[in-house]
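Dear colleague,

Please find the structure we discussed below, together with its sequence.

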Amino acid sequence: MRIAIVAETYLPLVNGVTHSLQRVLEHLVRRGDEVLVIAPSAVDANDVDRGDGVRVVRLPSVSVAGYSDVRLAVGGVSKVRRILANFAPDVVHLASPFELGRRAMRAADQLGIPTVAVYQTDVPGYLGKYGLPFLEAWAWQRVISIHQLATRTLAPSLSAARQLELHGIPRVELWGRGVDTTRFHPGKRSAAFRAKAAPNGETLIGFVGRLAVEKQVEDLAALAGIEGTRLVIVGDGPERETLEALLPTAYFTGFLGGEELATALASVDLFVHPGEFETFCQTIQEAMASGVPVVATGRGGPVDLVDSSRTGWLYTPGDLGQLRRRVVDLVGDDAKRAAFGEAAFESVQGRTWPVVCELLIHHFELAIAQHALLLRR
């Protein structure tokens, strides 16, 4: 296939969207597909001579206030239309479309190219969390206008699919995320990491994610004072300094990637994620693949991932007392924690990236066929 991928965010920024895109790109390259990536410009971007047949076109962009590494592409529909027309893709894949994705969707529609739009970021929910609830309705109108034009919309969880359908978005299908079960594995547990993070033999409660308002990491203050435990916070972001002051006894590792991240995840005893705006939550899958039980909020993507009372616990969103009780339950019962961790490990073994990426190819094929059928009518 010839596939154009329009990325709202792209490397060197590392987040859930870019992580998924890299796995998809690796799969497409192995298949021998011709791939064009259209993405915002970025400082320190190194796209030249990738050596894998993927061409990257960067569009001028501006940084988002307060997030200097997050870029918004600027410009009109016509430039994106020219790029797509020159490449002549069989299908356009829009990754978490919002601003650049809106222009690309309009361009693809004008050119008569089938589109697969992946809903991955709850932008309306984020705006509410950032104290801008008056922009939520506008953001939903933007999301609706994009996805109504899509030949096929892919949602990462049942919760996200229902949310889209309630807003009148048609042709919604499920497409989850893969996990690298070789990289993330219980065998990566490290005595050296634990000696550094738990010098007094504490039970380690881990969190991995961007340290930003929408992740609600401040909710982990509810776990303060649980005897014999220590928080491990893996990640970086604009809220780090505030969180370090709020959680003075926690062990902050900063951003970790590759094997360092795999080691950290396998070395904690329990994983906690309090964010209520996750359409999926990849770090939960990675913790489960590492044999670590999970306590997460019962909203959004985690509901599909955590089998409460078997692979971990879900708690009522906003009920931090219940969050604490769920954590205490597992901290205080080594046998239950081990059983939950083993069940978590088993639950993700069929969700490898090659399997998930082949499902994406199937969605591309169906979108192309569906589009061709509409043209014949």
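Predicted model: local features only at pLDDT ≥ 70, side-chain atom pairs only at ≥ 80, totals over all residues.

I begin with strand 10, which spans residues 203–208. This strand is mostly covered, with 6 of its 6 residues buried. Thr 203, Ile 205 and Phe 207 point one way from the strand, whereas Leu 204, Gly 206 and Val 208 point the other way. Strand 10 has parallel pairings with two other strands. With strand 11 (residues 229–234), the pairing extends over 6 bridges, and Phe 207 stands opposite Ile 233 there. With strand 13 (residues 270–273), the link consists of 2 bridges; Ile 205 has Leu 270 as its bridge partner in that strand.

Helix 1 covers residues 16–31 and contains 16 residues. From first C-alpha to last, the helix reaches 23 Å, close to the 22 Å expected at 1.5 Å a residue. At its start, a side-chain oxygen of Asn 15 comes to within 3.0 Å of the backbone nitrogen of Val 17. Just after the helix, Gly 32 adopts a positive phi of about 90°. The buried residues of helix 1 include Val 17, His 19, Leu 21, Val 24, Leu 25 and Leu 28. What do the buried residues of helix 1 pack against? Their partners are strand 1 (2–7), strand 2 (34–40), strand 3 (54–59), strand 6 (91–95), helix 10 and helix 14 (353–376).

Helix 10 (residues 282–289) is also where Gln 282 is placed. Is Gln 282 buried or exposed? Its relative accessibility is 13%, and therefore Gln 282 counts as buried. A polar atom of the Gln 282 side chain lies 2.7 Å from the backbone oxygen of Gly 178. Leaving aside residues up to four places away in sequence, Gln 282 touches His 19, Arg 177, Gly 178, Val 179 and Trp 353.

Finally, I turn to helix 12 (residues 320–331) and helix 13 (residues 334–347), whose axes come within 6 Å and cross at roughly 100°. Helix 12 is therefore roughly perpendicular to helix 13. Asp 329, Leu 330 and Val 331 make the contact on the helix 12 side, and Asp 334, Lys 336, Arg 337 and Phe 340 make it on the helix 13 side.

With kind regards

Definitions and conventions: Residues numbered from 1 in each chain as written. Heavy atoms only, no water. Helix = DSSP H or I, 4+ residues; strand = E, 2+ residues; numbered from the N terminus. Buried < 20%, exposed > 50% of the residue type's maximum accessible area, 1.4 Å probe, protein only. Polar contact = N/O pair within 3.5 Å; in protein donor to acceptor, adjacent residues only side chain to side chain. Contact = heavy atoms within 4.5 Å. Pairing = 2+ DSSP bridges. Expected span 1.5 Å × (residues − 1). Axes fitted to C-alpha atoms, helices over the stretch in contact; angles between N-to-C directions. Parallel < 35°, antiparallel > 145°, perpendicular 65-115°, else oblique.
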